[in-house]
Amino acid sequence: MAVDTADAFTAQNIVTTPPQTLSEVARATGTTFILALFVTLSGKPCAKLVPIEAVEQLQDDGVGFAGYAAGHMGQEPKDSDLVAIPDVSSFTPIPFVKPGLAIVHCNPHVEGKPWPYAPRVILKETLKKASDLGLSVNVGAEIEYFLVHRTGDGALTTADTADVSRQPCYDARDVTRMYDHLTEVSQAMNALGWGNYANDHEDGNGQFEQNFDYADAMTTADRVITARYLLSVIAEKRGMKATFMPKPFSDRTGSGMHLHLSLWNDAGSVFPDGDDPKGLGLSRTAYAFIAGILEHACALQGVIAPTVNSYKRTGATSTSSGATWSPRYATYGGNDRTHYLRVPDKNRVELRGGDGSANPYLAAATAIAAGLDGIERELDPGTPGSGDSPSDMLPMTLLHAMDALESDPVVTGALDVAGPGVAQYFATLKREEFFAWHNTVSPWELDHYLTAF
């Protein structure tokens, strides 16, 4: 629920620096160890800790991983190693975590070729498709999270025991009690040049958001992964857990990962148009982009809301604060947070269907692909604010979302952009996840059925 600034997307965020090798930037920043990091399809961060003495080897050859052991990467135990090749442009010193430590995001390869199941590779290929249309994509991300404790019996409690008010959103007292955590994160973001501009208490007790400037799509996706890592380890220093789980509490607002998207060409932003007859100040290209996302929204939800728990957020009908802040229908409108796509100003659109469990590379890739499909087909989203019919309703469960995903050639094509089989693999994993949950007897079932018959 970021504070909007109307000029936030009025100019591209371009930084030009002379190219340097990984060895040069690592040594120039006093780095002693590097986390060579990639994420799995499910968003798990995987890394090896590489000493500065081996930086040239990392730079030239990458570092190997057993892909099957890493997690959901489309590999079996017999397969060749994933070799993580560092992208020096993503190099990020994080001495506030450990002196001399840095992260570099990597593109996994197998037998010398980019691995099609690697989320960063998928986004990279999607951005090439946008480039072929003469477009670049800027993305801003809002990361919501809860600070919690977990008791010995597994129950979750709010880390701040005094955070109990019915409407805690923006409460100055709650923010002040978490001052040390919030300011340490803020200072870390600003030390990295991310431009942290706001830190606030969100709608649920124990829920926070810390905003940073937008950038190109790949940089923002890398920053989401880095931010989740930083939030987790900084919270752990104070005996707390930071969770990005979409709906950790039944009676509270869930945690979203909202994406702000804008398209650019050599002349600047392609979204604004002062003669817009629909009244939002947008161009036909912007409306076509919106229409593409809306048309593919049900399939898109399988990627941007990819867990069983996700649908307890988007399916929520009420919370203790009185609002869910999560869309149930694929609609769009102006500066109205009840829509799937909000248009806060003429320079961007905000996709509000995603949550804290989304893989940022896959979320950005599929959303961009859906929007580009709308542009290529010159789709029209209709009148702003219309919708909320049964045909606009988002999937009710992860299983419904996988049905939609598998029947949508644009979203499956986005997942398969670097090679075939990824979409089917992803859908199979998610169906297995759904049935693993479905086959587990819950406390709710015991409460309702144990002596009911």
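This is a predicted model: local features need pLDDT of at least 70, side-chain atom pairs count only at pLDDT 80 or more; totals for chains, interfaces and linings use all residues.
1. Start with the lining of the largest cavity: Leu37, Phe38, Val39, His105, Cys106, Pro108, Ala118, Pro119, Arg120 and Tyr361.

2. As for the space itself, the largest cavity has a volume of about 50 Å³.

3. How many cavities of 30 Å³ or more turn up in a search of the whole structure? The search finds four. If you're wondering about the idea behind such a search, rolling a probe the size of a water molecule over the atoms shows where empty space is left.

4. Next, have a look at the second largest cavity, which holds about 40 Å³ of space. Its lining is made by Leu41, Ser42, Val303, Pro306, Ser357, Asn359, Leu362, Phe426 and Lys430. Sorted by class, that lining has five nonpolar, three polar and one charged residues.

5. Now for the surface. Val441, Leu446 and Leu450 make a nonpolar patch there, of about 330 Å². You'll find leucine 450 in the segment after α15 (443-449).

6. Is leucine 450 buried or exposed? With a relative accessible area of 66%, leucine 450 is over the 50% cut-off, so leucine 450 counts as exposed.

Notes
Residues are numbered from 1 along each chain as its sequence is written. Side-chain values use heavy atoms; hydrogens and water are left out. Patches are made of residues with over 30% relative accessible area and no salt bridge: like charges are joined within 9 Å, nonpolar side chains (Val, Leu, Ile, Met, Phe, Trp, Tyr) within 5 Å. Accessible areas come from the Shrake-Rupley method with a 1.4 Å probe; for residues, only the protein chains shown count as cover. A salt bridge is a side-chain nitrogen of Lys or Arg within 4 Å of a carboxyl oxygen of Asp or Glu. Helices (H or I, at least four residues) and strands (E, at least two) are DSSP runs, numbered from the N terminus. Buried means under 20% relative accessible area, exposed over 50%, partly exposed in between (1.4 Å probe, protein chains only). On a 1 Å grid over the protein atoms alone, a cavity is a set of points where a 1.4 Å probe fits but cannot get out, and a pocket is an open set with protein on both sides within 12 Å along at least five of seven lines; lining residues have an atom within 4 Å of a point. Grid points are joined across faces, edges and corners, and a volume is the space filled by probe spheres set on the points. Ala, Val, Leu, Ile, Met, Phe, Trp, Tyr, Cys and Pro count as nonpolar, Asp, Glu, Lys and Arg as charged, and the others, Gly among them, as polar.
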